[in-house]
Amino acid sequence: MAFIPHTEADVAAMLAAIGARSIEDLFAEIPPSLRVSSLAGVPEELNEMEIGRLMSERAAQDGTPLSFLGAGAYEHHIPAAVWAITTRGEFYSAYTPYQAEASQGTLQTTYEFQTMIARLTGMEVANASMYDGASATAEAALMAVRANRKSKSARILVPTTLHPHYRRVAVAMASNQGLRFEELPYCTVEGVTLPASLGKYAGEDVTALLIQQPNFFGRLEDVDALTDWAHERGTLVIAVVNPTSLALLKPPGGWGSRGADIAVGEGQPLGVPLSSGGPYFGFMTTRMEYVRQMPGRIVGRTLDTTGREGFTLTLQAREQHIRRAKATSNICTNQGLLMTAATIYLSLMGPQGLTRTAAASHARSRELVAALVRTPGVRLAFSGPCFHEAVLLLDRPVAPVLKALAARGILGGLDLAPYYPELGPALLVCATETKTAADLERYRASLSEAMQAARAA
Amino acid sequence: MPTREKVIFEYSQPGRGASDQWPHYVGVAPLADLPAKLRRSAAPELPEVGELEAVRHFTRLSQLNFSIDTHFYPLGSCTMKYNPRACNQYAMLPQFLARHPLAPESHGQGFLACMYELQEMLKEVTGMQGVALSPMAGAHGEFAGVAMIRAYHRARGDLKRNEIIVPEAAHGTNPATATMCGCVVREIPVNAAGDVDLAALKAAVGPNTAGIMLTNPSTLGVFERGIEEVARVVHDAGGLLYYDGANLNAILGKVRPGDMGFDCLHMNLHKTFSTPHGGGGPGAGAVGVAARLAPFLPLPVVDREGERYRWLTESEMPQSIGRLSAFMGNAGVLLRAYIYMRLLGRDGMRAVGEYATLNANYLLKRLRDAGFEAAYPERRAGHEFIVTLRRQAREFNVTAMDFAKRLLDLGFHAPTTYFPLIVPECLLIEPTETESREMLDAFVAAMSQILEEARQEPERVRSAPHTMPVRRLDDVRAARHLDLTWTPTTQH
Amino acid sequence: MSNVPADLKYTKSHEWVRTLKDGTVEVGITDHAQHALGDLVFVEVPEAGRAVKADEACAVVESVKAASDVYAPLAGEITAGNPKLSDAPETVNSDPYGEGWLMRMRPAAGAIAAAGLLSAADYSQVLAAEGG
């Protein structure tokens with residue numbers, strides 16, 4: 001039997017020790033009426049050779065198209081060492097480090113991760129990861145309600161330039177606790193939230209303001225003005241940031257005169273493969289004064305009984321296994337293995353590597369946009385600076401164009417029609433350091449053909 | 001085991017780096033368009049180390065861990081069984097890794113076929129009518145489940161049902177989840193035999209009852225024998241039953257939650273379906289529902305039309321509780337669970353429940369013979385059981401925590417300690433089906449050795465561990481003097 | 001057995017109450033409670049000026065293995081939280097009835113009588129019944 005080492009002799013000896021006649025006897029406490037006789041809907045077993053064949057065929061079906069998709073998940077180079085080490089059994093098959101003395105590897109890695117993420121975001125303290133960027137954003141909103149004691153409204157302002165899926169996750173995960181998410185409009189010329197649009201909230205109790213930088217369109221928000229506006233009126237600021245971009249862009253800890261209060265984001269760009277959407281990891285950081293309001297595991301450095309340094313889970317009284325119904329969150333399992341990969345990735349990239357990666361991604365996306373807008377019927381949607389993705393406006397529906405491109409082995413970006421119908425035919429495109437000049441040229445040439453094919457259709 | 005490894009920042013040297021990993025091309029004046037006021041003023045202070053230094057550092061760190069691949073890990077409620085390497089290798093085929101979550105269905109038929117078949121297999125093993133895969137951990141699945149229960153009552157105009165009943169021995173995630181869903185928690189006791197106190201349950205249910213959350217076998221390691229009556233009481237009161245799938249491994253292929261009367265459940269794919277725990281995650285907490293809750297399932301859900309697989313759209317599921325992840329949840333974990341289920345097949349599934357139960361009952365019997373006290377001596381173990389060390393604590397002044405730490409010295413990961421809270425000085429022990437009889441016997445020998453040490457030289461047990469990279473750590477100091485990020489000036 | 005000073009009043013949830021000369025009261029957690037929690041690592045006290053109802057959670061005491069709410073033993077207004085505890089939570093362990101006080105309150109009219117506080121002897125019986 002797969003992965004069960006017992007011989008018939010073992011079973012006989014074990015049953016004899018127990019004093020049972022058969023394995024069936026061991027289930028005697030379960031009412032017979034509840035017992036299931038077969039699992040006809042589960043196929044017969046495959047051996048490893050057969051599953052290998054099946055999975056290889058399935059993978060081949062999906063192919064490896066040339067992708068210009070971004071929208072919250074980004075293709076970056078991943079050093080071979082990252083996953084060679086991450087999948088070592090000692091990391092891969094370990095449990096949550098509750099037995100600290102037998103888990104110093106995981107604990108120290110987490111401490112190093114917390115340090116790197118705090119430095120990257122310019123914040124004081126980071127936790128050991130959340131599920132993904134979207135759920136971290138939802139948890140940040142819940143945390144802001146706990147942290148902002150002066151505010152009683154549980155109102156959270158959400159720019160519509162925040163990733164549409166993040167907005168939906170925030171509503172799904174936080175509205176049961178009475179949080180109200182109110183959407184802020186964006187400027188259709190510049191593709192950013194206008195501080196002037198906040199005027200209508202003058203004098204009102206607002207718990208927190210979410211700001212995504214770069215925003216969903218790739219555009220850069222005026223984070224200083226938005227942050228100062230919020231702080232002047234007792235509203236907390238939740239930053240949602242792309243970690244790669246932080247090598248170039250002002251970190252949330254430096255926004256405005258006081259810095260953001262909570263910063264979260266999707267960690268996937270840091271050494272985690274795209275993998276159809278997960279497993280990724282969310283990161284979460286804050287000021288030390290709010291650390292007890294932060295959900296999720298946190299590792300601290302301490303001493304052992306002989307005075308040697310060591311690492312342990314700390315501030316556990318915030319968590320569900322101790323605080324139960326009054327915990328900061330129900331989160332237990334996090335994304336530890338992905339956090340491990342990110343820690344190795346950041347160690348290999350270092351300040352220079354991450355900065356070069358961000359710069360190269362930015363350069364390639366600018367070159368991509370410059371090439372694509374040469375195509376008749378294609379223009380840039382918004383004026384002003386972007387980071388590594390941008391919105392293009394087409395003179396015809398986007399879906400048929402993307403379909404024609406896909407038939408040529410190119411994933412040309414994300415059709416924004418379902419999310420921002422007011423923009424008309426709009427396409428979000430992304431290029432990172434993984435794209436070559438030849439890749440960009442292939443997209444440009446194919447787009448011309450696809451536009452013509454779409455018009456003909 | 002090796003001893004201390006420096007913090008990576010202590011290896012850092014200005015100007016050093018794994019430059020082979022960095023892009024050569026960074027464009028021509030690439031940053032000219034980024035306004036200075038939006039720019040970072042100095043590069044982030046990340047470590048500057050060579051590739052070999054980084055590889056050695058993290059390899060050494062890994063060697064400071066216990067793991068399933070290196071040690072027996074009988075952690076109750078956590079199902080630490082072998083994570084087959086094939087599951088990792090074939091989930092990490094290059095096309096799967098490279099696939100963007102927003103790639104069109106035309107470039108995802110292979111992946112979607114796996115997801116669809118996984119949904120179908122999970123329905124079959126749980127007796128449920130609908131499955132959604134996106135919750136990213138057990139607690140996330142619990143959230144989805146209770147949120148669906150609330151949405152169900154609301155959709156019927158039954159607005160006052162906001163109470164969730166949980167047994168006092170429940171996992172902490174159960175009450176925490178109820179709170180996250182805006183519900184009020186009502187705890188009920190279990191009786192001396194480990195079953196739910198039916199009189200207390202009957203007194204607790206009423207017009208405000210949204211539902212009950214149960215684990216079965218329970219966190220006490222025993223099968224809830226009154227489950228049919230529990231279901232009747234809760235359903236008659238208008239509530240729904242939520243199954244916490246943490247202990248599904250015990251009954252896989254033998255009993256199905258749907259047949260017990262549960263309306264909704266989550267499965268910890270990182271337990272029952274053997275995806276790795278990764279030092280704390282990722283997990284995957286797929287949810288299953290009876291027909292009446294199917295309209296409320298979280299998105300995305302995979303459907304099949306003829307030979308084509310596709311996502312159900314939001315307009316097709318207007319009552320969905322919504323999205324719980326930016327994309328598809330922990331897709332790569334789901335692929336690993338799919339591969340594991342295909343490797344086991346229907347007979348293998350049944351064998352999981354059978355051999356997990358055999359191992360647990362054998363280990364329980366051997367430990368009792370060795371002088372340890374079972375918390376529920378009259379009961380069969382499910383796939384795990386509780387030993388209470390209250391007598392040893394009294395006679396030798398040696399606690400469950402001391403036993404746990406001494407086990408580390410002897411090469412065994414400790415069982416779960418001090419959970420559930422209602423049993424004093426407890427060890428919750430779950431051997432899983434993938435361990436051999438010899439390994440179980442070796443564990444009994446280690447426990448017997450510690451018991452003897454507790455009699456003869458208790459200080460040796462109390463001061464354990466002696467052979468690990470660190471001795472017992474000062475948790476109080478860690479919480480009073482928070483040191484959560486490394487700085488060059490950190491002093492102790 | 002834990003220490004139960006005879007001159008204080010108590011609650012079943014293990015708070016103590018001392019009436020001060022000016023008619024305000026001082027509130028803390030009992031020796032039994034601090035012992036059950038273990039070494040405290042964090043204490044959160046209420047801000048002065050806050051009005052509280054009897055049995056309202058208004059402070060938090062946290063150890064590495066537990067966190068508990070502390071309830072107002074009677075209705076009134078908080079006049080002070082103990083400022084020393086943010087830096088030295090261990091004071092509650094070392095001197096629960098003295099320097100480790102949590103908050104001072106001005107009782108609402110009739111609140112002391114309405115609170116049904118226990119005498120030292122009655123509280124000792126509560127502890128005995130709990131097995132403490």
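**Figure 1. Contact between domain 1 and domain 2 of chain A in the predicted model**. In this view, 24 residues of domain 1 of chain A are in contact with 22 residues of domain 2 of chain A, two residues being in contact if their C-beta atoms, placed from the backbone, lie within 7 Å. Of the elements of chain A, α10 and β12 give two or more residues to the side of domain 1 that touches domain 2; helices (H or I, at least four residues) and strands (E, at least two) are DSSP runs, numbered from the N terminus. The largest share of that side, six residues, comes from α10(A). By class, the side of domain 1 of chain A that touches domain 2 of chain A comprises 14 nonpolar, eight polar and two charged residues. Here Ala, Val, Leu, Ile, Met, Phe, Trp, Tyr, Cys and Pro count as nonpolar, Asp, Glu, Lys and Arg as charged, and the others, Gly among them, as polar. Domain 1 of chain A covers 66-76 + 351-456 and domain 2 of chain A covers 80-345, with bounds from an automatic or database domain assignment. The C-alpha centres of these two domains of chain A lie 28 Å apart. The model is predicted: local features need pLDDT of at least 70 and side-chain atom pairs count only at pLDDT 80 or more, whereas totals for chains, interfaces and linings use all residues. Residues are numbered from 1 along each chain as its sequence is written, and chains are lettered from A and ligands numbered from 1 in the order in which they are written.

**Figure 2. The open seven-stranded sheet of chain A**. The strands of chain A follow the order β2-β8-β7-β6-β5-β3-β4, with mixed pairing; two strands pair if DSSP finds at least two bridges between them. β2 (125-126) and β4 (180-184) of chain A stand at the edges, each with a single partner strand, so one side of each has no neighbour in the sheet. Strand β8 (residues 282-286) of chain A runs antiparallel to β2(A), and two bridges join them. In this pair, A:A126 stands opposite A:T285 of β8(A). Helix α8 (residues 223-232) of chain A packs on the sheet, where it touches β5 (208-213) and β6 (236-241) of chain A. The direction of α8(A) makes about 170 degrees with that of β5(A); axes are lines fitted to C-alpha atoms, for helices over the stretch in contact, and angles run from 0 to 180 degrees between N-to-C directions.

**Figure 3. Strand β15 of chain A and its antiparallel partners β12(A) and β14(A)**. Five of the five residues of β15(A) (residues 426-430) are buried, so the strand is largely enclosed by the rest of the structure. A residue is buried if 20 or more other C-beta atoms lie within 10 Å of its own, exposed if 12 or fewer, and partly exposed in between, with C-beta atoms placed from the backbone. From β15(A), A:A426, A:L428 and A:C430 point one way, while A:L427 and A:V429 point the other way. Five bridges join β12(A) (residues 389-394) to β15(A), and A:A390 stands opposite A:V429. Strand β14 (residues 414-415) of chain A is joined to β15(A) by two bridges, with A:D415 opposite A:L427.

**Figure 4. The interface of chain A with chain B**. Here 167 residues of chain A are in contact with 176 residues of chain B. Helix α10 (residues 336-372) of chain A provides the largest share of the chain A side, 21 residues. The side of chain A that touches chain B has 84 nonpolar, 57 polar and 26 charged residues. In chain A, buried residues make up 64% of the 457 residues.

**Figure 5. Chain C and its contact with chain A**. Five residues of chain C are in contact with four residues of chain A. On the chain C side, three of these residues are nonpolar, none is polar and two are charged. Chain C contains four helices and nine strands, and its C-alpha trace spans about 35 × 35 × 25 Å along its principal axes. With 132 residues, a compact globule would have a radius of gyration near 14 Å, and chain C agrees with its 14 Å; the radius is taken over C-alpha atoms, and the globule rule is 2.2 Å times the number of residues to the power 0.38. Buried residues make up 45% of chain C.
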